[in-house]
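Colleague: I'd like to learn how to read a model like this one. Could you walk me through it feature by feature?

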Amino acid sequence: MRAALLPILAVAIISILMVAHLFFRAPIFPFSPDSAEYIEQARSLIQEVLTLSTAPAPSVMDKAPSTLFPIGFPIVLAFFSIFGFDAREAAVALGRLSAILLPALLYISFKKQIGSSYAAILAGLSVLSPGVLTYAPMGLSDIFSLILAVGVIGLVLSSRSTTFVFVAGVIAGFSYAVRNAQIALLAALAVYFLYLWVSNPAQRTQTIRQAIAFVVGASIIILPILLRNLMIFGALNPYEMEPSTVSVVHNVRVYIQEFIYDVSALRNLGLFVGWSIQGLILLLALVIGGSWMLMVVWRGQLAEKKKKTIFLCITYSIMGACVVIAARSRYEWGEMINVRHTLQYTPFFLAALLAVIPSASSDVSLSFARKFGLALVFFLGVFHTFYAYRLGAEYQQSIHKSLDAMNAYQNGKNHLCVSEGNSEGNALLVSNWGYVFSIQCAAHAQNMEPVNLRCDVSEASIIGKTERCNTLVNGILNLSDRLVGRSIRAGFFPGRSGVDFNNLPLPEVGVVSLQNSGWDIVQNNASGLLVSHQSNSAKNSRRTLE
């Protein structure tokens, strides 16, 4: 009895450690530009419901549907408004609750497949990985999407009846609605059912029933999503992005780097494996050695349930890697592959690794495989524990970025948090920290990169990249030249889009240049630059009132 309780106690301790991590080490501003997209979509959904119930005039400030971010996560955030939560609060609460529940869910999903002790180890390694620790505090869909995938695979592997598989299909469909990359989960499960059909001819009828149940369950969610995309965007897959400037080979190497880092919790090991000939040789040797170990165990004492676990988890990890690499190689996402993109698959790779470790045996090959596997798991545990204690550079960067974000908000809220009822509420709001104001005060602030470090002459837009390398002043002047007839309120703060403390405060010559072009200087110091530009109609209206 005492031995049976130890894994449960270990999982409970891991959950408590996650609570402590979220309470003591969460960034002060746990959001990103992606968070703003989800939160704005959720607020727009709430506004649509209120419009239907009270029939007021539609707001011109409603957020247009996004072609890049699926509607599933905003729907969940909007649902929390029933209980009085704003979408901003719901995004953080949902992500953190998912992180707290992750250890228990991993343990429950894999306990019968790999054993209670290994399931507890899986929970510990997964929760203390760089990806989960970094993004658990954030108001994003990543950890929520991860627990959905864990639930789906857990239900499928322990499918006692067709009903279990049907429920798994519904959850899998919803996970796709939350995160488009979960198409990898759907593809992996399709391959898994094919594997069952081929490997077990005696139960093909049951396999077909389960596959049909899964498809029906997933279709309940996916078909309405695809129909919505077709009605709103005119396409089932409405992605519209610039072609990627990053090659497939480069993305493959970056993915290897980040995946090795997420699995091992060693940043230098990831860099070594991904970017050196010796590292790639080491990776090749590990793949060959792992394949040999898998073949030895597969032909030996490996139980059928472990074979299913290994096949599904490895298939999903491979499918997920292919989706991430293909997406980054086809579209210009604006960020490189990082642990945010690998955390979805790390727990399943670790589950397959633990499932491969054989039981104690007198066979020389099996004995060696067991000792090697246990030694590897031991060192992974040490590395993950050390990482959780120290945390990595990307986590420290998120802390610094959140401080910069809150500095931007504190300095710009009176200038950019303009309500719709304000006389200048229809002014265009612009900032290099636009998403911060969208989240904090529902101001629909456009993002602008005033100091264009990319110098992309082939791509020009009203707001975004400018046509040439600009100083901060030239970027602002260029904005007013393009938006003639529109009132503008703008705020620029250190820490993002090329603006730093070297740009602020503006020198006198810059201030005079802006004033001569009709800009009013509201604030100009090291903490930020606040400026406004009135349209001619607004100026005439003010003169009339005076």
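This is a predicted model: local features need pLDDT of at least 70, side-chain atom pairs count only at pLDDT 80 or more; totals for chains, interfaces and linings use all residues.

Colleague: Cysteines first, then. How many disulfides does a search of the whole structure find?

Modeller: A disulfide is a covalent bond between the sulfur atoms of two cysteines. The cut-off here is a pair of cysteine sulfur atoms within 2.5 Å. The search turns up one: Cys417 and Cys441, with sulfur atoms 2.1 Å apart. The torsion about their S-S bond is about -80 degrees, so the disulfide is left-handed.

Colleague: Which parts does the pair tie together?

Modeller: Helices (H or I, at least four residues) and strands (E, at least two) are DSSP runs, numbered from the N terminus. Cys417 lies in the loop between helix H18 (393-416) and E1, and Cys441 in helix H19 (residues 434-441), so the bond joins parts that are 24 residues apart in sequence.

Colleague: Are those cysteines buried, exposed or partly exposed?

Modeller: Buried means under 20% relative accessible area, exposed over 50%, and partly exposed in between (1.4 Å probe, protein chains only). Cys417, at 26%, is partly exposed, and so is Cys441 at 25%. As for other cysteines, Cys313 is buried at 0%, while Cys322 is partly exposed at 46%.

Colleague: What about the nonpolar cores?

Modeller: In soluble globular proteins, nonpolar side chains tend to be buried together. A nonpolar core here is a set of buried Ala, Val, Leu, Ile, Met, Phe, Trp, Tyr and Cys residues joined through side-chain atoms within 4.5 Å. The largest one has 122 residues, and Leu77, Phe110, Phe214, Tyr316, Phe348 and Phe437 touch the most other members. A second, separate core of 20 residues includes Leu472, Ile476, Leu477 and Val511.

Colleague: Which residues of helix H20 are buried?

Modeller: They are Leu472, Val473, Gly475, Ile476, Leu477, Asn478, Leu479 and Ser480. That makes eight of the eleven residues of H20 (residues 472-482), so the helix is largely enclosed by the rest of the structure. Its cover includes strand E3 (488-492), helix H21 (508-516) and strand E4 (519-525).

Colleague: And how do I read aromatic pairs?

Modeller: Rings of Phe, Tyr and Trp (its six-membered ring) pair if their centres lie within 6.5 Å; planes under 30 degrees apart count as stacked, over 60 as edge-to-face and the rest as tilted. There are 27 such pairs in the structure. Take Phe29 and Phe31: their centres are 5.1 Å apart and their planes at 65 degrees, so they are edge-to-face. Both Phe29 and Phe31 are buried. Ring pairs also link Tyr38, Phe69, Phe73, Phe144 and Phe174 into a cluster.

Colleague: Last one: what does the side chain of Ser264 reach?

Modeller: For polar contacts, look for a pair of N or O atoms within 3.5 Å; within protein, one must be able to donate a hydrogen and the other to accept it, and residues adjacent in sequence count only if both atoms are side-chain atoms. The Ser264 side chain reaches the backbone nitrogen of Leu266 at 3.2 Å, and a polar atom of that side chain lies 2.6 Å from the backbone oxygen of Ile260. Ser264 lies in helix H11 (residues 248-264) and is buried, at 5% relative accessibility.

Conventions. Residues are numbered from 1 along each chain as its sequence is written. Side-chain values use heavy atoms; hydrogens and water are left out. Contact means heavy atoms within 4.5 Å.
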